[in-house]
Amino acid sequence: MSVLIKNGRIVTAVDDYFGDVWIEGETIAKIGADLSDLEPRADRVIDASGKLVIPGGIDAHTHLDMPFGGTTSADDFDSGTKAAAHGGTTSIIDFAIQNKGESTLKGLDVWHEKAAGKATIDYSFHMIVTDMPLDRMGEMERLAEEGVTSYKLFMAYPGVLYVDDGTLYRAFRQAGLNGTRICMHAENGIVIDEIIREAVADGKFEPKWHAGTRPTRMEAEGVHRSIAIAEVADVPLYIVHLSCSDALDEVKRARMRGIDVMAETCPQYLFLDQSYYEKPDFEGAKWVMTPALREKWNQDVLWEGLKYGHLANVATDHCPFCFKGQKELGRESFTQIPNGAPGVENRMSLMFHGGVVQGRLSLNRFVELTSTAAAKTFGMFPKKGTIAVGSDADIVVFDPDKKQTISIDNPDTHHMRVDYSAYEGFEVQGWSEVVLSRGRVIVDKGSLTTEGGGEFIKRARVGDLLR
Ligand code: URP
Ligand code: ZN
Ligand code: ZN
């Protein structure tokens, strides 16, 4: 199969020029100012006049088919990767989970079973480590050999995913020795649980108390502590879903001291705020996620962090639960609302709109934040994350002018298997029109043209290239 994408404006994290892209099989074979001599040989010609030709999006933080909060996230690897494809994302890194007391390798097998044959785009896994006794430390090297070169550990959710500081240090140290990376859910879950206990004792049960019991200082404390532990353990650290100015200050301070820490934020912290919890009739439950939505002024600080490089990446933390039957589990108390919200489909358009259209990010930075940074951080570059000869032909032909209103009722914007949109009514400019995954056209003018075909990405270690 050969594809010619012609007349497009090709934008990567560093380049911006007009030209043609020639794809042979799964990879980009040629890029040139004018490749029209190849047109007669093409199985498919895509005219990208007036469009941007950008690397397929990479969402480094999703939770598909994940048991959590007494239920399971509503998208599996079938529906979730199709929705991602519609939104211009061609690779995800999902979180496999180790059950406490069991091998992480078993957790990896379970996630391979969940994804194999179902995914329409390529996927990889971080491993959520819930314990790591000394006699099982060798598993971490085995995981790295299997292409799982990053681990997530939790300071939050005591009794569920939480691990203590000793476990953090042990896992951090081994991850550093193995040339791998730690992803950190940084919130002081022990203190937060005490605050929740007080709130419940005071009869505070509504969704808004989810935010009311998770102060930004407790996120900042987690960020500070995990950075200190990572510094001593000598491991590169990646703070996931950073939500607020307090936490970002800790990242900035550490980076100024030369510590190897980077942080991701998510569209929900850039576009939504804690007033959503005030919605009547329990509707605020739709936005119960962890960390919680924050006061609105934090948004400007996060956008500035993205612009100036203090924040390294934008991922969704896509963890959808239907309002009916799932979020409703917490009608009696916010403590029972499954934590998480949908977004994998909306990230590229939201970031283009809020970033490029609204003048906060350059086009190059938009590409970097939605694709290249994740590829480089998590051992997928240059196979993924750029448009270059030899790279996978994961490409989005992106219409920078097309406007859409994101809504559960707009079939162009909602393919996620969840009964609400976190961004209901948001008008966005910028649309993923044609999406290619390793040379296959998987979305054509908004229609999915294929199913399955996604493959596992065996990632490289920190600093190594993947070809
Ligand atoms: O609320 C969230 N973020 N749910 C997913 C689990 C996590 O902490 O990332
Ligand atoms: Zn988390
Ligand atoms: Zn998450």
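**Starting from Y151**

Leaving aside residues up to four places away in sequence, Y151 touches M127, V129, M140, L143, A144, A175, T180, R181, I182 and C183, where contact means heavy atoms within 4.5 Å. Before going further, please note that this is a predicted model, in which local features need pLDDT of at least 70 and side-chain atom pairs count only at pLDDT 80 or more, while totals for chains, interfaces and linings use all residues. Residues are numbered from 1 along each chain as its sequence is written, chains are lettered from A and ligands numbered from 1 in the order in which they are written, and side-chain values use heavy atoms, with hydrogens and water left out.

Y151 belongs to the largest nonpolar core, which has 117 residues; along with L153, F172 and I239, Y151 touches the most other members. A nonpolar core is a set of buried Ala, Val, Leu, Ile, Met, Phe, Trp, Tyr and Cys residues joined through side-chain atoms within 4.5 Å. Buried stands for under 20% relative accessible area, exposed for over 50%, and partly exposed for anything in between (1.4 Å probe, protein chains only).

Helices here are DSSP runs of H or I with at least four residues, and strands are runs of E with at least two, numbered from the N terminus. The buried residues of α7 include M218, V223, I227 and A233. They pack against α4 (165-177), β12 (181-185), α5 (189-201), β13 (237-239), α8 (245-256) and β14 (261-265).

Now let us turn to a metal site. The zinc ion (ligand 3) is held at 1.9 to 2.1 Å by H61 (NE2), H63 (NE2) and D317 (OD). Donors are N, O and S atoms within 2.8 Å of the metal (3.2 Å for Na, K and Ca), and sites may look incomplete because water is not among the atoms. Along the chain, the donors of this zinc ion follow the spacing H-x1-H-x253-D. H63 sits in the loop between β6 and β7, and D317 in the loop between β15 (313-314) and α11 (347-357), so the pair ties together parts that are 254 residues apart in sequence. Both H63 and D317 are buried. The zinc ion (ligand 2) lies 3.9 Å from the zinc ion (ligand 3).

Finally, look at the charged pairs. The structure holds 33 salt bridges, each a side-chain nitrogen of Lys or Arg within 4 Å of a carboxyl oxygen of Asp or Glu. One of them joins E24 and R41, whose closest N and O atoms are 3.2 Å apart. E24 lies in strand β2 (residues 16-24) and R41 in the loop between β3 (27-32) and β4 (44-47), so this pair ties together parts 17 residues apart in sequence. E24 is partly exposed at 39% relative accessible area, whereas R41 is exposed at 53%.

Another salt bridge links D78 with K82, at 2.8 Å between the closest N and O atoms. Both residues lie in helix α1 (residues 77-86), four residues apart, about one turn of the helix.
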